[in-house]
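Trainee: Could we go through this model together? I would like to learn how to read such a structure.

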Amino acid sequence: MSFDYKVADLSLAEAGRHQLRLAEHEMPGLMAIREEYAASQPLKGARIAGSLHMTVQTAVLIETLTALGAEVRWASCNIYSTQDEAAAAVVVGPKGSADDLQGVPVFAWKGETLPEYWWCTDQILTWPGGEGPNMILDDGGDATMLVHKGREWEQAGQVPPTTDEDSEEFGVFKELVRQTLATDPQKWTTVAAGIKGVTEETTTGVHRLYQLAEAGELLFPAINVNDAVTKSKFDNTYGCRHSLIDGLNRATDVLIGGKVAVVAGYGDVGKGCAESLRGQGARVIVTEIDPICALQAAMEGFQVARLEDVVETADIFITTTGCYDVITAEHMTKMKNKAIVANIGHFDNEIDMAGLGRVPGIQKTEIKPQVHEWTFTSGSSIIVLSEGRLMNLGNATGHPSFVMSNSFSNQTIAQIELFTKTGDYAKQVYTLPKHLDEKVARLHLDALGVRLTELTKGQAEYLGVDVAGPYKPEHYRY
Ligand code: NAI
């Protein structure tokens, strides 16, 4: 078999396959779902355009979706996050070879340029043979944005001219849409009409979806996977607790113990980051805008301060806010010599990289890929990881398999839900019902040797719940 694809190097497929095999062992939720739905094939007929970091764990997700009957095209949602061996293994497929591709078209490699990134995103929405995708699986909302903006500009009759106000990336994005409309003037109206729904992985993408829904502009139903408890309270927190430190170590190998680390934002991601830095012996300072999260951080024993007050004395700065301009160029000019600056939030605008590049006389030196020293005219320098993009995927390999098994079990269930029950959903944003959240957790207990206590019938009646769950009301916050 052969099909279109673009990855770094197909000869890495065997190395990737070994990693996938080990990852499958650590992803009991996904493997149980494969078994449960092997016969019924609920995703037969689904044509899924996937935009999510092309890692080993994502490879197991992709092969779960195809095992359930789906056809898939995949791109990464970040220019640095692809693991090239995983991408190659997915293209070749478990039983294929370089001469006989049996896998899935992937368009992703580590170190894409911005035009290449948007080209890859366009490829997953451009299916050969006329029929477009009918589902999107998104992380951060870029594929969803391409369909929405593409259709909006197509119907307005033009892509707005690029201005000085546009970020470099938005300018590249506009150019891509211009090119697609030059070859097919109705492309995005057609693609949008074919989509039954989108399932969104992360906080930032979910935020974009709610904005679209509130404006009445959402073109198809969406499931917010992020806010499944077994996603955001696990992946965002325990995943980052693992992969933040991994990224820092691989990038810099600086001893974290004894250093002063600032974590901007104490939401789900910030909580995991602050805990892991403390675990390494760092003295952690949190910055927050939300009094509840600030109080939580204080109760956990973290100093809560304003960035302005600690910017000159801290050694490590991590942004986790999903906000923009959290660390400005001015902040960076005031930092200690060799301070480390990194972002673990979804987009690269948390740290003002464009502003840093405009500091008069500044010099950028590549220490190694995704690790840069920026030297000011004073001779003092700072180390910026992954050019301000999410460092746990740019400098390391993202979250480990076990935690991603929780997230991706939710993704798979959400895809099945929207694809098989399309008529039940309006053009709004939904979360998965609690009994499915509990199911995802349940699928991961055995592997950890967890023995759950079972309610008696009497106890269940006393608590007002069913013996089989759900055990908590919707408003419970965990
Ligand atoms: P969240 O909403 O739970 O937490 C963000 C926190 O930042 C909030 O408490 C908010 O009050 C605070 N904040 C906002 N603006 C701030 C500012 N200017 N200064 C200080 N604090 C500020 O969101 P969550 O789930 O923690 O996600 C954060 C970001 O991380 C999102 O962009 C999300 O998409 C991304 N993410 C990244 C992952 C990764 O593997 N790198 C994994 C999961 C999420």
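Trainee: Is Gln41 buried, partly exposed or exposed?

Mentor: Gln41 is partly exposed, with a relative accessible area of 25%. Buried means under 20% relative accessible area, exposed means over 50%, and partly exposed lies in between, with a 1.4 Å probe and protein chains only. Please note that this is a predicted model, in which local features need pLDDT of at least 70 and side-chain atom pairs count only at pLDDT 80 or more, while totals for chains, interfaces and linings use all residues. Residues are numbered from 1 along each chain as its sequence is written, and side-chain values use heavy atoms, with hydrogens and water left out.

Trainee: Where does Gln41 lie?

Mentor: Gln41 lies in the loop between α2 and β1. Helices (H or I, at least four residues) and strands (E, at least two) are DSSP runs, numbered from the N terminus. Gln41 has a positive phi of about 50 degrees although it is not a glycine.

Trainee: Which residues does a cis peptide bond join?

Mentor: Such a bond joins Gly469 and Pro470, with omega about -5 degrees. Pro470 is in the segment after α19 (457-463).

Trainee: Changing topic, how many salt bridges are there?

Mentor: The count comes to 23 salt bridges. A salt bridge is a side-chain nitrogen of Lys or Arg within 4 Å of a carboxyl oxygen of Asp or Glu. One of them pairs Arg47 with Glu131, with the closest N and O atoms 3.7 Å apart. This pair links distant parts of the chain, 84 residues apart: Arg47 is in strand β1 (residues 47-51), and Glu131 is in the loop between α5 and β4 (135-138). Arg47 is buried, with a relative accessible area of 16%.

Trainee: And which helix holds both Asp246 and Arg250?

Mentor: Both lie in helix α10 (residues 229-252), four residues apart, which is about one turn of the helix. Asp246 is buried at 18% relative accessible area, whereas Arg250 is partly exposed at 42%.

Trainee: What about Lys334, which residue is its salt-bridge partner?

Mentor: Lys334 forms a salt bridge with Glu330, the closest N and O atoms being 3.4 Å apart. Lys334 is partly exposed at 40% relative accessible area, and Glu330 is exposed at 53%. Elsewhere, salt bridges that share partners join Glu169, Asp348 and Arg389 into one network.

Trainee: Now the helices, please. At what angle do α5 and α7 pack?

Mentor: Helix α5 (residues 114-124) and helix α7 (residues 168-183) pack at about 45 degrees, and their axes are 9 Å apart. Axes are lines fitted to C-alpha atoms, for helices over the stretch in contact, and angles run from 0 to 180 degrees between N-to-C directions. This angle makes α5 oblique to α7. Angles under 35 degrees count as roughly parallel, over 145 as roughly antiparallel, 65 to 115 as roughly perpendicular and the rest as oblique.

Trainee: Which residues of α5 make that contact?

Mentor: They are Leu114, Pro115, Tyr117, Trp118, Trp119 and Asp122 of α5, facing a set on α7 that includes Glu168, Val172 and Phe173. Contact means heavy atoms within 4.5 Å.

Trainee: How do α3 and α17 pack?

Mentor: Helix α3 (residues 56-67) and helix α17 (residues 401-420) pack at about 30 degrees, with axes 10 Å apart. That makes α3 roughly parallel to α17. The contact involves residues including Leu61 and Leu65 of α3 and Met404 and Phe408 of α17.

Trainee: Last one: is Gln83 buried or exposed?

Mentor: Gln83 counts as buried, at 9% relative accessibility. Gln83 is found in the loop between β2 (71-75) and α4 (84-92). Leaving aside neighbours within four places in sequence, the contacts of Gln83 are Gln19, Met54, Thr55, Val56, Gln57 and Thr397.
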